[in-house]
Amino acid sequence: MKVAVCDDEAIFVDRICALLERWAQKRNLCLSLYRFSDGDALLETHLSEVMDLIFLDVRMPFIDGMDVARELRAAGSSVPIIFISSAREYAVDSYKVDAFWYLVKPVDETLLYTVLDKFHRTFHEKKEMVVLRTQTGYCKISTMDVDYLEAQNKHVIAYLSNGSSILLTEKFFSCEQHFSLKKGFCKCHRSYIVNLRQIKEFDKIRVVLNAGTMIPISRNSYQIFKENYFSYMFQ
């Protein structure tokens, strides 16, 4: 597993790398660590050595972490990014570049290991599958492949990340159980359940997904949706 740590403070890079090595040793994982003191060097290396995970400081000279993340996304990279910063105010901006997590300095060791375990489960362990009813029988899909679900009359449509959709004959309430907050989903409207990992941005009236799809948020759902989002993404 290739992991990059980018921070202009060498002492912080050393600390994060030491914690990463300790975490990997406890989990019997093999890590290749790449150390960077500026974003340009990281971007150049990532072209030839595609990372599995990037730790990225927000405040750096020349090009800051948010701009590095924007360049990665603009180039089509979906590499998971964990931001690290002494300032909390950039946390909201981080979800606009689909950050995996946002950690505040000084990084707590226990929290870091929790986040790394979640990263490993999300991207490197076997995908969680669900079996759902369709008009012709049953289908098995990965919850990670679902962008959002929409209730239509007595049916539910599951919209997938590859652009396709599946018409389900499940009750919407049943889909809420299959696609719960624990699995990274949340209901934002009486007719919609959305994958929190696919959110690019949201406000009081709508969610915008990474693919550009806009989904309404009901007035009654907004507050609990916002709380669930930040609880799941930045706990």
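1. In this predicted model, strands β13 and β14 (residues 206-209) run antiparallel and are joined by three bridges. Within this pairing, Glu201 stands opposite Val208 in β14.

2. The two strands belong to an open sheet of three, ordered β13-β14-β15, with antiparallel pairing. Its edges are β13 (199-202) and β15 (214-216), each of which pairs on one side only. From one strand to the next the twist averages 25°.

3. Eleven aromatic pairs turn up in a search of the whole structure. One of them is Tyr148 with Tyr159, a stacked pair with 4.4 Å centre to centre and 10° between the planes. This pair links distant parts of the chain, with Tyr148 in strand β8 (residues 146-152) and Tyr159 in strand β9 (residues 155-160), eleven residues apart.

4. Tyr148 has a relative accessible area of 10%, so it is buried. Tyr159 has 21% relative accessibility and therefore counts as partly exposed, because buried requires under 20%.

5. Phe202 and Phe225 form an edge-to-face pair, because their planes are at 90° with ring centres 5.4 Å apart. Phe202 lies in strand β13 and Phe225 in helix α7 (residues 222-234), so this pair too links distant parts of the chain, 23 residues apart. Both residues are buried. They belong to one aromatic cluster together with Tyr222, Tyr229 and Phe230.

6. Two lysines are placed over aromatic rings. The charged end of Lys105 sits over the ring of Phe12, 4.4 Å from its centre. Lys118 lies over the face of Tyr232, at 3.5 Å from the ring centre.

Notes
Residues are numbered from 1 along each chain as its sequence is written. This is a predicted model: local features need pLDDT of at least 70, side-chain atom pairs count only at pLDDT 80 or more; totals for chains, interfaces and linings use all residues. Side-chain values use heavy atoms; hydrogens and water are left out. Two strands pair if DSSP finds at least two bridges between them. Helices (H or I, at least four residues) and strands (E, at least two) are DSSP runs, numbered from the N terminus. Axes are lines fitted to C-alpha atoms, for helices over the stretch in contact, and angles run from 0 to 180 degrees between N-to-C directions. Rings of Phe, Tyr and Trp (its six-membered ring) pair if their centres lie within 6.5 Å; planes under 30 degrees apart count as stacked, over 60 as edge-to-face and the rest as tilted. Buried means under 20% relative accessible area, exposed over 50%, partly exposed in between (1.4 Å probe, protein chains only). A charge sits over a ring if NZ of Lys or CZ of Arg is within 6 Å of the ring centre and within 35 degrees of the ring normal.
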